[in-house]
Amino acid sequence: MTTSKSTQATAHKRIVIKLGGSTLEGLNDAFFSNFKTLQEEGYEVIITHGGGPAINRELEKREIPTEKINGIRVTNEEAIEVVQSTLVGLVNPMLVHDLNRAGIHAIGLNGFDMNLLQCELLDYETYGYVGEIKKINTHIIDILTANQIVPVVSCIGASEEGQGLNINGDTVASEIALAVGAERLLLVTDVSGIRIGGEYQKQATPEQIHQWIEEGEITGGMIPKVEGAIRVLNAGIPKVEIVDDTLTGTTITSKELVK
Ligand SMILES: Nc1ncnc2c1ncn2[C@@H]1O[C@H](COP(=O)(O)OP(=O)(O)O)[C@@H](O)[C@H]1O
Ligand SMILES: CC(=O)N[C@@H](CCC(=O)OP(=O)(O)O)C(=O)O
């Protein structure tokens, strides 16, 4: 993937926070207060979100069955319409509303807005209308953050022909973190990080993660999170956190932190 140069990437402290669909329906006060603390610490915050449970509900209503391969939804022609309208039309405005109500100036975006997420098909035969991000135009993010407005990005990408494409929310979060030169990436989900043998891990390295995937300890929706995390670390972002909505969870770093 190539990225347009973000003019502010080096000058500003930026954090990308991805809200998993499972957390969206019950964000608590602690989350909003942590959020404001980050802003007070001088972070420009960029939010991305998923919406798996809402998509599942809307697909079920219409009796459209879908399956996931390693956390990626196989998205046929019928399903993409539902995914796009659910993320852009339902989930994104609800989240923007909640943020605005909490006093955070938020604005909703998707991959079409000022060519934010330019995509090609990942692998049509296997996944259908799933996008692979080829270019991110961070210009709109720069404009908003420069004006203390929080961009809230849903995980719908655009093909050159104007086809909406489904992208996993964790993948969008990782790629945006890279494109805007974020210092931190926070993946907020419904579990307190990576659980191995029944225990949540405080920290993890890419080597451990590869091993846990091989051993079948990391599966399903956790796979795009850790894969995105490793890509981000390899590109030089020092740490990625997979946390619950009290921001408790696993910190992933390239080398083991001192305990
Ligand atoms: N080792 C693991 N540790 C924690 N969660 C895991 C692990 N392996 C698989 N998972 C699953 O990943 C889920 C989180 O991914 P997902 O459902 O896609 O969340 P989100 O909607 O927040 O992106 C957890 O609820 C859990 O079921
Ligand atoms: C291609 C792909 O898998 N897209 C995801 C997009 C939503 C998402 O990622 O939602 P969570 O963050 O809640 O998991 C999907 O259709 O479920």
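For its 259 residues, a compact globule would have a radius of gyration near 18 Å, and the protein chain agrees with that at 17 Å. Keep in mind as you read on that this is a predicted model.

**Overall build**

Along its principal axes, the C-alpha trace of the protein chain spans about 50 × 45 × 35 Å. Buried residues account for 46% of the 259 residues. Looking at contacts between residues at least 6 apart in sequence, 75% of them join residues at least 24 apart.

The UniProt record, an unreviewed entry, places the feature "domain: Aspartate/glutamate/uridylate kinase" at residues 13-243. In the model, that span is 42% helix and 25% strand, and its end C-alpha atoms lie 20 Å apart.

**The eight-stranded sheet**

In what order do the strands of the open sheet run? Eight strands form it, in the order β6-β9-β3-β2-β12-β16-β17-β15, and the pairing is mixed. The edges are β6 (106-109) and β15 (203-204), each of which pairs on one side only.

| Strand | Residues | Noted feature |
|---|---|---|
| β6 | 106-109 | edge strand |
| β15 | 203-204 | edge strand |

**A closer look at L27**

Now to a single residue. L27 is found in the loop between α1 (21-24) and α2 (29-40). Is L27 buried, exposed or partly exposed? L27 counts as partly exposed because it has 17 C-beta neighbours inside 10 Å, while a buried residue would need 20 or more.

Which residues does L27 touch, leaving aside those up to four places away in sequence? They are F32, D98 and D245. Of these names, D98 and D245 can be followed in the structure above alongside F32. As for G89, it is 62 residues from L27 in sequence, and the C-alpha atoms of the two are 19 Å apart in space.

Key:
Residues numbered from 1 in each chain as written. Chains lettered and ligands numbered in written order. Predicted model: local features only at pLDDT ≥ 70, side-chain atom pairs only at ≥ 80, totals over all residues. Helix = DSSP H or I, 4+ residues; strand = E, 2+ residues; numbered from the N terminus. Buried ≥ 20, exposed ≤ 12 C-beta atoms within 10 Å, placed from the backbone. Contact = placed C-beta atoms within 7 Å. UniProt positions renumbered as here; feature names shortened; annotations may be inferred. Rg over C-alpha atoms; globule rule 2.2 N^0.38 Å. Pairing = 2+ DSSP bridges.
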